[in-house]
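My notebook is open and I have a new structure to look through. Here is what I looked up, entry by entry.

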Amino acid sequence: MPPVHYHFRGGDRPGGLFPLMKNKFKNQMLTLVFAALAVVLPAKAADGMEALRVKNNALKLQLIHAPVRAKFAATIRDLEKHKRRPWIVGTYRNPKTQAALKAKGYSKVPWSFHNAQTRQGKPDALAMDVEELNGVLRYRSTPDFYLMMAGAAQSHRLASGCGLGWSLPLTDRARIQTLIARRDWKGKWNRKGNFDPGHVQITGVSLGQAHNGVRP
């Protein structure tokens, strides 16, 4: 009986890691190897992605105003305690980027808490944008994630686009606060009408004050 050849992209590979299989037993062993790889490789990829998520968040948090940085970090940790995978999309944003986002309708203001700088012109953000990581560098945030983040932010005296109910009528805003008070993360609320639910920012200082250099 002639040997069985296993074809790989680019031609036959009779040597190396997977030599020619000459009997049923070796074929079965190869099947087991591939089955094991099918389990191990995705797990390794997931581990690598998780390490990248943690590193990304740590780096982005360093761009936040130091006296309030711990509040933002605590918001992220609270989500992680609930087995969520928050990914900080951005903290500091330069003025040129802000202008471009406003022109495209992704922001409603010419200067935001993301644009805050120190007197020396270094990043000193007072806000962060967060989404939930699902897969490899893919965001797939759900209404309960935004609601949970709103609750976490409020517990650390921060505010979020979801918690503030941006662009929503008063009745919908009240509904969000009721769900947060009950910790009813699966409760129904008007997600589609809510502008920028993944945004988290400081409280106690207005946008105009922050623009003029006032800090919490």
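**Entry 1: a residue in a helix**

I started with N57 and left aside its neighbours within four places in sequence: N57 is in contact with I76, E80, P86, W87 and I88, where contact means heavy atoms within 4.5 Å. I found N57 in helix α1 (residues 24-61). Because its relative accessibility is 3%, N57 counts as buried. For that word I used these cut-offs: buried is under 20% relative accessible area, exposed is over 50%, and partly exposed is in between (1.4 Å probe, protein chains only).

**Entry 2: ground rules**

I noted that this is a predicted model, in which local features need pLDDT of at least 70 and side-chain atom pairs count only at pLDDT 80 or more, while totals for chains, interfaces and linings use all residues. Residues are numbered from 1 along each chain as its sequence is written, and side-chain values use heavy atoms, with hydrogens and water left out.

**Entry 3: the whole chain**

I read off seven helices and six strands in the protein chain; these are DSSP runs, with helices (H or I) of at least four residues and strands (E) of at least two, numbered from the N terminus. Along the sequence the pattern is β-β-α-α-β-α-β-α-β-α-α-β-α. Of the 216 residues, 35% count as buried.

**Entry 4: two helices**

I looked at helix α4 (residues 143-155) and helix α6 (residues 170-182), whose axes come within 10 Å and cross at roughly 75°. The axes are lines fitted to C-alpha atoms over the stretch in contact, and angles run from 0 to 180 degrees between N-to-C directions. So α4 is roughly perpendicular to α6, a label for 65 to 115 degrees (under 35 is roughly parallel, over 145 roughly antiparallel, the rest oblique). The contact uses L147, A150, G151 and Q154 of α4 with I176, Q177, L179 and I180 of α6.

**Entry 5: positive phi**

R157 has a positive phi of about 60° although it is not a glycine, and it is found in the loop between α4 and β5 (159-160). I also marked D196, with a positive phi near 55°, in the loop between α6 and β6 (199-201). At 28% relative accessibility, D196 counts as partly exposed.
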